[in-house]
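Here are some short notes to read beside the structure. Please keep the 3D view open and find each residue as it comes up.

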Amino acid sequence: MQSKKRAVEKKRVQEKWQRPRRELGALNVDGVFDVLTERAGLGVIIRNAAGGILLTSEETEALAAREGILLAAEWCKEKALLETECLTVVALLKRLDQKSTLHFIIKEVVDATRSLPGFDVKHVRT
């Protein structure tokens, strides 16, 4: 009986992240919704086979902005206000810079805002 109980307990232990095979990268995603506070969050991390993170903080902020605007375009019928800590994303959304390494991501954000009745962006500190 004890061995069965131990086997069940072992199944409950979460596996630790392991590096993928050499030819693979790893994409880990998660989503959460708190019913009590009505707050939701999305998360993603992309690593190479050595375990190194492949996105810069600015790329991550730009991609988060894109996903947020895409969700707003699908679910909201009002003007959207995007709030971000990243001054670079704010500046690029106010004036698209063709030379920026984030140009293609920011262009996708701008294109997605066309599905909204209105759009503005604001820098916030959290």
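1. Start with Leu27. Leu27 is exposed, because its relative accessible area is 56% and the cut-off for exposed is over 50%. Keep in mind that this is a predicted model.

2. Next, place Leu27 in the fold. Leu27 sits in strand S1, residues 26-34. Together with Val29 and Val44, Leu27 makes a nonpolar surface patch of about 300 Å².

3. Now turn to the charged side chains. Side chains of opposite charge can pair when their charged atoms come close. The model has four salt bridges.

4. Look at Arg66. Arg66 forms a salt bridge with Glu108, with the closest N and O atoms 2.6 Å apart. This pair links distant parts of the chain: Arg66 is in helix H2 (residues 57-75) and Glu108 is in helix H4, 42 residues apart. Arg66 also meets Glu67 in a salt bridge, at 3.1 Å from N to O.

5. Glu67 is partly exposed, at 34% relative accessibility. Glu108 is also partly exposed, at 38%.

6. Stay in helix H4 for another pair. Lys107 and Asp111 meet in a salt bridge, 3.1 Å from N to O. They are four residues apart in H4, so about one helical turn separates them. Lys107 is partly exposed at 36%, and Asp111 is partly exposed at 31%.

7. Finally, see how H4 packs. Helix H3 (residues 87-94) and helix H4 (residues 103-113) pack at an angle of about 60°, with their axes 10 Å apart. That angle makes H3 oblique to H4. Their crossing is right-handed.

How values were computed. Residues numbered from 1 in each chain as written. Predicted model: local features only at pLDDT ≥ 70, side-chain atom pairs only at ≥ 80, totals over all residues. Heavy atoms only, no water. Patch = residues over 30% accessible without salt bridge, like charges linked within 9 Å, V, L, I, M, F, W, Y side chains within 5 Å. Areas by Shrake-Rupley, 256 points an atom, 1.4 Å probe, with all protein chains shown as cover. Salt bridge = Lys/Arg side-chain N within 4 Å of Asp/Glu carboxyl O. Helix = DSSP H or I, 4+ residues; strand = E, 2+ residues; numbered from the N terminus. Buried < 20%, exposed > 50% of the residue type's maximum accessible area, 1.4 Å probe, protein only. Axes fitted to C-alpha atoms, helices over the stretch in contact; angles between N-to-C directions. Parallel < 35°, antiparallel > 145°, perpendicular 65-115°, else oblique. Left-handed = near helix turned anticlockwise from the far one by under 90°.
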